[in-house]
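I opened the notebook to look up how the parts of this model sit together. Here are my entries, in the order I made them.

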Number of protein chains: 2
Amino acid sequence: MPRPSTPLLSPDRIRSVALAIIDRDGLDGLSMRKLAAELGVQAASLYGHVRTKDQLLNDVAATILSSVDVSGFSSGWREGLIRCARSYREALSSHPNIVPFLAYGPAGREESLRRLDILHGALVDAGWSRREATMIAAGLMYIVFGSALSSFSSGFSSDPADYTGRYPHLDRAHLLPGVARELDRDSFELALAAFVRGL
Amino acid sequence: MPRPSTPLLSPDRIRSVALAIIDRDGLDGLSMRKLAAELGVQAASLYGHVRTKDQLLNDVAATILSSVDVSGFSSGWREGLIRCARSYREALSSHPNIVPFLAYGPAGREESLRRLDILHGALVDAGWSRREATMIAAGLMYIVFGSALSSFSSGFSSDPADYTGRYPHLDRAHLLPGVARELDRDSFELALAAFVRGL
DNA sequence: CCCATTAACCGAACAGTGTTAGGTTAACTC
DNA sequence: GAGTTAACCTAACACTGTTCGGTTAATGGG
């Protein structure tokens, strides 16, 4: 195929299809050839619009992070932390398959830094020292990312035989997958509430 | 090379060299061919001792998790949670490069489950409901894994120009890498203390 | 002691990965 | 209308995990 009359590819379209594949097939399910195929194109053509796969993943991550809202600090820093964490988690849990990538690479992402900056500033304004603000922000991220990885409740088997006998206290762990979604959110809320209350 | 007089390979040796490569070159730095080369062997030979690379990584992870101590619940559940979390984090932070793998796959690992079972039982014995115990254990894992991923302080650039101007509150973020180790630990301790206190 | 079996390794290959170089043709600009 | 650029292509490279079939040494039985 020569140059088409209307371009088949655009960074936006590539990002959106890439994210759709990740949501559907997981992070390992995304390959440049598969992505190209779903865009009706050959793999090499992608590299006219995207520098590298890693960069593409970073771009996809950035668009997800751009929906995080850290502007809820008007009614006190405790409430602000909670709102910020909820917004963060909501963004991540709507695309859980990309979280391992987020957690893997360095945090030096544009979108991530901008939000961290605001969070840090709000905490300092509330009277925390700079160092304390850094640690509190880090702690909040621990809970957000830890819960978003969700290798916990959703990582359990639904076969009772995997637990009975061997793990006496986990004899109902096979029920976890059924309530994973709810339990994940409740665990997150519990951890978040305890953390903020304990500060 | 035919069959050698004394075997070159053993599951133990394979695991230990694999872990050394991961520690040195990162998770992506481990390939079966490189692993084989460092063992003085061809890649195909590994498959007589290891079923698959994923299984090998699980085995390596298991040996790391086996050093986690969850037996500190004799002086109260709060102290027990803290000791358990510290032990977990210590095990993970001594091999940070394998944490993404740990966080990626399901939690259904033998070693992981056994410890979770004990933790869960100790919390129920302390008077928490089963559901609460599950959520508290999950929250503790959030903090442990979140801090072990440590894509925070160690993920910052050491070039001041990356921050000044653009992120007013992060104008000293370039100093973070120098104190990353200490700051990571302090952030973990802060989050852990706040979480346990807030329960 | 010899023979059959098994265990340990190797070479070569397969299908898949990200990525690049060089070619072809349509659309745009002067 | 000619020249340039942009968008796609084919083909290839150097990898990856894994498997198949072969080769040889150690081991156990009669």
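I began with a term: contact means heavy atoms within 4.5 Å. With that in hand, I checked how the two copies meet. I found that 100% of the interface residues of chain A are also interface residues in chain B, so the copies meet through the same surface.

A note on ground rules: this is a predicted model, where local features need pLDDT of at least 70, side-chain atom pairs count only at pLDDT 80 or more, and totals for chains, interfaces and linings use all residues. Residues are numbered from 1 along each chain as its sequence is written, chains are lettered from A and ligands numbered from 1 in the order in which they are written, and side-chain values use heavy atoms, leaving out hydrogens and water.

Then I turned to the domains. Chain A has domain 1 (11–50) and domain 2 (68–198), with bounds from an automatic or database domain assignment. Their C-alpha centres are 28 Å apart.

Where they touch, I noted 5 residues of domain 1 of chain A in contact with 6 residues of domain 2 of chain A. I also looked for salt bridges (a side-chain nitrogen of Lys or Arg within 4 Å of a carboxyl oxygen of Asp or Glu) and the count between these domains is 0.
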